[in-house]
Amino acid sequence: KPRVLHICCHGGYRLKTGHQKSTGQEFCLAFEKNHGCVDFFDVNRLRSILSMQDKKEKSREQKPDLVVVSACNSFEAGRVFRDAGVPYVIAVHSGSKVLDDACKAFSKTLYQSL
């Protein structure tokens with residue numbers, strides 16, 4: 001059976017700030033923390049975590065075979081997983097919103113096929 005990581009969250013762009021000024025936009029996945037607060041998880045943070053995992057001895061054996069990033073505009077996050085050596089990555093390469101019903105139907109079909 002394949003090892004699968006399925007991330008289902010919001011995704012989008014927000015202003016990147018540094019030292020009191022805007023420095024452009026960055027892609028973020030948005031996760032809910034305790035008490036409903038949002039944790040904006042940018043691709044640099046994701047890249048850093050995957051890089052640290054790659055340095056661990058057993059990480060190559062524990063890497064998922066497939067990562068599904070079910071979030072709007074998640075292509076950039078998908079690319080980070082691909083660059084980290086995940087062989088199969090599914091992400092959204094569209095400016096359109098991802099509808100929950102479409103995600104459910106896609107996921108059901110995908111997992112029935114694995």
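Reader: Which pattern does the protein chain follow when read along the sequence?

Author: The model is a predicted one. On that basis the protein chain has four helices and six strands. Along the sequence, these elements follow the pattern β-β-β-β-α-α-β-α-β-α.

Reader: In what order do the three strands of the open sheet lie?

Author: S1 and strand S5, residues 66-70, run parallel and are joined by five bridges. S5 and S6 also pair in the parallel sense, over three bridges. The edge strands are S1 (4-8) and S6 (88-90), each pairing on one side only. The order in the open sheet is S1-S5-S6.

Reader: Which residue of S5 stands opposite Ile-7?

Author: S1 and S5 run parallel. Within S5, Val-67 is the bridge partner of Leu-5. The residue of S5 that stands opposite Ile-7 is Val-69.

Reader: Which residues point one way from S5, and which the other way?

Author: In a regular strand, side chains alternate between the two faces of the sheet. S5 is mostly covered, with five of its five residues buried. Leu-66, Val-68 and Ser-70 point one way, and the other way point Val-67 and Val-69.

Reader: At about what angle to S5 does helix H3 run?

Author: Helix H3, residues 75-83, lies across S1, S5 and S6. Together, S5, H3 and S6 make a β-α-β unit that is right-handed. The angle between H3 and S5 is about 165°.

Reader: Which strands does helix H4 touch?

Author: Helix H4 spans residues 100-113 and packs on the sheet. Its direction makes about 165° with that of S5. The strands touched by H4 are S1, S5 and S6.

Reader: Is Glu-26 buried or exposed?

Author: Glu-26 is found in strand S3, residues 21-32. Leaving aside residues up to four places away in sequence, Glu-26 touches Gly-12, Tyr-13, Arg-14, Lys-16 and Asp-42. A residue is buried when its relative accessible area is under 20%. Because its relative accessibility is 13%, Glu-26 counts as buried.

Reader: What percentage of the accessible surface of the protein chain belongs to carbon and sulfur atoms?

Author: Of the 114 residues of the protein chain, 31% count as buried. The accessible surface of the chain comes to about 8300 Å². The part belonging to carbon and sulfur atoms is 53%.

Technical notes: Residues are numbered from 1 along each chain as its sequence is written. This is a predicted model: local features need pLDDT of at least 70, side-chain atom pairs count only at pLDDT 80 or more; totals for chains, interfaces and linings use all residues. Side-chain values use heavy atoms; hydrogens and water are left out. Two strands pair if DSSP finds at least two bridges between them. Helices (H or I, at least four residues) and strands (E, at least two) are DSSP runs, numbered from the N terminus. Contact means heavy atoms within 4.5 Å. Axes are lines fitted to C-alpha atoms, for helices over the stretch in contact, and angles run from 0 to 180 degrees between N-to-C directions. Buried means under 20% relative accessible area, exposed over 50%, partly exposed in between (1.4 Å probe, protein chains only). Accessible areas come from the Shrake-Rupley method with a 1.4 Å probe; for residues, only the protein chains shown count as cover. A crossover is right-handed if, with the strands pointing away from the viewer, the path from the first strand over the helix to the second runs clockwise.
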